[in-house]
Amino acid sequence: MPNSPTGSLDRRRFLAVSAGTALAAVALPGCAASVDDGGSSAGNEKTTLTIMSSLSDSDVKAAEKALGMKINLLTQDTTKLNAMLASKNPPDVVQGSGALETPYFAARGLMTELDSYFAESSVLKPSDLDPVNDLWRFDGTKQGAGPRYGMAKDYSQDGMFWYRTDMFDAAELDYPSETDPLSYDEWLDMAKRLTRRRFGKVKVYGLSATGLGNFALLMNMTASAGGSLFAEDLASVDFSSPEARKALNWYMEYARANIGPSVANPNPDGWDWPTYQAGRMAMACDGYWFGGVITGDAKTTEVSRFAPAPQMGGGKRVSPCFGATGYWIPKEAKNKEAAWKFFEWFFGGKPAQDRATGGVGIPSLKSLRPKMPQTTAFQKQAYQVQQQELPYFSVLTFTPYVQSAALEGVLSKVLSNAIKSGTPAGKVADQLNSQMNSQIAQGKEHVG
């Protein structure tokens, strides 16, 4: 894995590298016939495929060699993507989050339905698709059903966490169970006992609870308490419900205790890995993918273990995916046949096999699961814990009426102010409901 100029990968760079294709080009297996090629023939060597993605330059070169076409790579930019979609001149392939983006784009008729492509493919067979790919489905009402609009490159159950045994030993704490999840209260107590301060300043975080976003964390906690942040029709949020208040109270206690990064006190390292590697973070709420980073450092690998996702209690055990990062094809894309060739190569060819063996996520094809690394003691422990967690995978439906970044922005602003000012959770819930529901209502007017 290549290093950044500073010598260590930041989270954005790591995800770009892990999302990338293999450096060795391979021939693409036979692809499905296009439902609507929308333009250029994929068999033409001069076909140019425009992809908005975090692929690296070396990934692009590998794709060009394997697919016999030119790749025009665009940097991921939500504002630019929205403008291109509005002008009906979108990229041919777009990288995105199935968990958070599918309902929004599908409800607006901006995504190509891919069921016919999958049905005719000899590479990406519907029967081989991992259930995580249901996050790329939307039936007009809820996520997880209806047409397929994209596919995940790989995934993790992102409520799970990693911990350092050396820090647990120093604090004389028992290691978390590999089978039975902690309660969120137990997790918080552990974090407080693992936090180290010097002259009033935190030197070692006990826990990073929000490595992949605050809204997703609160959705997960509310679900594990037996509730839902969104109303049944997905047209509003309710942070005032007993289940959501329980989650909100937990997060505010975590943030005010100053035992880990939060919206009010972000991690100066930018993401969990540099802090965790340096021995300044005892627990990191990052899914299986984080093991692909840890395994690159022998000393950290020796003291790292994986644990099940904590549960709030009151509902059934849940362990969702917050991302399901993958690709989709816009409805107005000009080169759909070429886009599908990229899909089959990237998701079903050597790039997918290399991602599976690298341990940077659970493969999105069930047939590739046996390739997950199980050689070292570290890999075996992580694999076993992950396999035991799979039955608790669940789909948490996101609203189709507003983009996730908008709700994340409201949450960050309101929570940051509340944590610093000591605002009670009830008032915070009212502020979140008012501001978020206003944005959702405006979005619903556009969808109809």
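Guide: A crossing of two helices is called right-handed if the near helix is turned clockwise from the far one by less than a right angle, and left-handed if it is turned anticlockwise. In this predicted model, the crossing of H8 and H9 is right-handed. The two helices pack with their axes 8 Å apart and at an angle of about 130°, which means that H8 is oblique to H9. On the side of H8 the contact is made by Asn214, Leu217, Leu218, Met221 and Thr222, and on the side of H9 by Glu243, Ala244, Ala247, Leu248, Trp250 and Tyr251. Sorted by class, the residues of this contact are 8 nonpolar, 2 polar and 1 charged.

Tyr251 deserves a separate look: leaving aside residues up to four places away in sequence, Tyr251 touches Asn214, Leu217 and Leu218, and also Thr210, Ser262, Val263, Leu415 and Ile419.

The largest nonpolar core has 60 residues, and Tyr251 and Trp250 are among the six that touch the most other members, together with Trp187, Phe215, Phe239 and Met283. Helices H8 (214-224) and H9 (242-257) each supply at least two residues of this core, as do other elements, including strand S8 (161-164) and helix H16 (404-421). H9 gives the most to this core, with 8 residues. Apart from this core lies another, of 44 residues, which includes Leu74, Leu81, Ala106 and Tyr155.

Note on methods. Residues are numbered from 1 along each chain as its sequence is written. This is a predicted model: local features need pLDDT of at least 70, side-chain atom pairs count only at pLDDT 80 or more; totals for chains, interfaces and linings use all residues. Side-chain values use heavy atoms; hydrogens and water are left out. A nonpolar core is a set of buried Ala, Val, Leu, Ile, Met, Phe, Trp, Tyr and Cys residues joined through side-chain atoms within 4.5 Å. Buried means under 20% relative accessible area, exposed over 50%, partly exposed in between (1.4 Å probe, protein chains only). Helices (H or I, at least four residues) and strands (E, at least two) are DSSP runs, numbered from the N terminus. Contact means heavy atoms within 4.5 Å. Axes are lines fitted to C-alpha atoms, for helices over the stretch in contact, and angles run from 0 to 180 degrees between N-to-C directions. Angles under 35 degrees count as roughly parallel, over 145 as roughly antiparallel, 65 to 115 as roughly perpendicular and the rest as oblique. Ala, Val, Leu, Ile, Met, Phe, Trp, Tyr, Cys and Pro count as nonpolar, Asp, Glu, Lys and Arg as charged, and the others, Gly among them, as polar.
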